[in-house]
Amino acid sequence: MRVVIAEDSAILRAGLVELLNLRGHEVVAAVADGESLCAAVREHRPDVSIVDIRMPPTHTDEGLRASIALRAELPGCAILLFSQYVETQYATELLADRAGGVGYLLKDRVAEVSDFLDALRRVADGETVLDPEVVSQLFTATRKTDALAGLTPREREVLGLMAEGRSNSAIAAALFLSAGSVEKYVSSIFGKLALPQSEGDNRRVLAVLRYLES
């Protein structure tokens, strides 16, 4: 395989180059930031790219955002994310096109070199390969987002004001609603968020927590 590596750790980058060369693959470029990754992929059109997520300049999500841009520009561009972290927001966007040729492995959870190389080959062949921990966190993040998906725009407004600590009467004044209307919206929010009445739980607090988590 012809491979591009994007990894800001010089030692890990050199190790990946050595490993792949020893196994008969060709590393056509090894870079340390997202811009250089994009340039290398455009120039070399590799079979697959190995991409760290947190790279210069901010060390947050440069590699992931560069991967999304490359996939949009070059459909079918195979990317294997190789990171210590699970970044759910952009990872979901990367996987959303369902085109395959995407992988996400966690560095600390790859036990065998053969497993890593097998995942790399599968991604290059157009498959999707995800670490089980990545799947778990993406599923949890999706559930949190979906928890508010059933709320109407007005219910979201009411919940947002609840998150600010406002009482029903204050919400009614802010939205020019009657107190009864606000009570109906609040009750509907509790129902849609599956928060049944309970002696031990404050549903208002739980609803606000769901809002903040999303």
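Helices and strands here are DSSP runs numbered from the N terminus, a helix (H or I) needing at least four residues and a strand (E) at least two. With that settled, here's a walk through the structure, which is a predicted model.

Let's start with Asp52, which sits in the loop between β3 (48-51) and α3. An unreviewed UniProt entry annotates Asp52 as "modified residue: 4-aspartylphosphate". Is Asp52 buried or exposed? Its relative accessibility is 5%, and buried means under 20%, so Asp52 counts as buried. As for who is around, and skipping neighbours within four places in sequence, Asp52 is in contact with Ala6, Glu7 and Asp8, with Gly63, with Phe82 and Ser83, and with Lys107.

Now the sheet. Six strands make up an open sheet, pair up in parallel, and come in the order β2-β1-β3-β4-β5-β6. The edges are β2 and β6 (128-130), each of which pairs on one side only. From one strand to the next, the twist averages 15°. Looking at one pair in detail, β4 and β5 run parallel and are joined by five bridges. Ile79 stands opposite Val102 in β5.

| Helix | Strands involved | Angle |
|---|---|---|
| α1 (residues 10-22) | touches β1, β2, β3 and β4 | about 175° with β2 |
| α4 | lies across β4, β5 and β6 | about 150° to β5 |

On to the hydrophobic side of things. The largest nonpolar core has 28 residues, and the ones with the most contacts inside it are Val4, Leu37, Val41, Val51, Leu70, Leu81 and Tyr104.

Which residues does Leu37 touch? If you don't count residues up to four places away in sequence, Leu37 touches Val4, Ala6, Val31, Ser49, Val51, Gly63, Ala66 and Leu70. There's also a second, separate core of 19 residues, and Leu19, Phe82, Leu120 and Val129 are among them. Phe82, one of the residues of that second core, is also in contact with Asp52.

Note on methods:
Residues are numbered from 1 along each chain as its sequence is written. This is a predicted model: local features need pLDDT of at least 70, side-chain atom pairs count only at pLDDT 80 or more; totals for chains, interfaces and linings use all residues. Side-chain values use heavy atoms; hydrogens and water are left out. A nonpolar core is a set of buried Ala, Val, Leu, Ile, Met, Phe, Trp, Tyr and Cys residues joined through side-chain atoms within 4.5 Å. Buried means under 20% relative accessible area, exposed over 50%, partly exposed in between (1.4 Å probe, protein chains only). Contact means heavy atoms within 4.5 Å. UniProt positions are given in the numbering used here, feature names are shortened, and annotations may be inferred rather than shown by experiment. Two strands pair if DSSP finds at least two bridges between them. Axes are lines fitted to C-alpha atoms, for helices over the stretch in contact, and angles run from 0 to 180 degrees between N-to-C directions.
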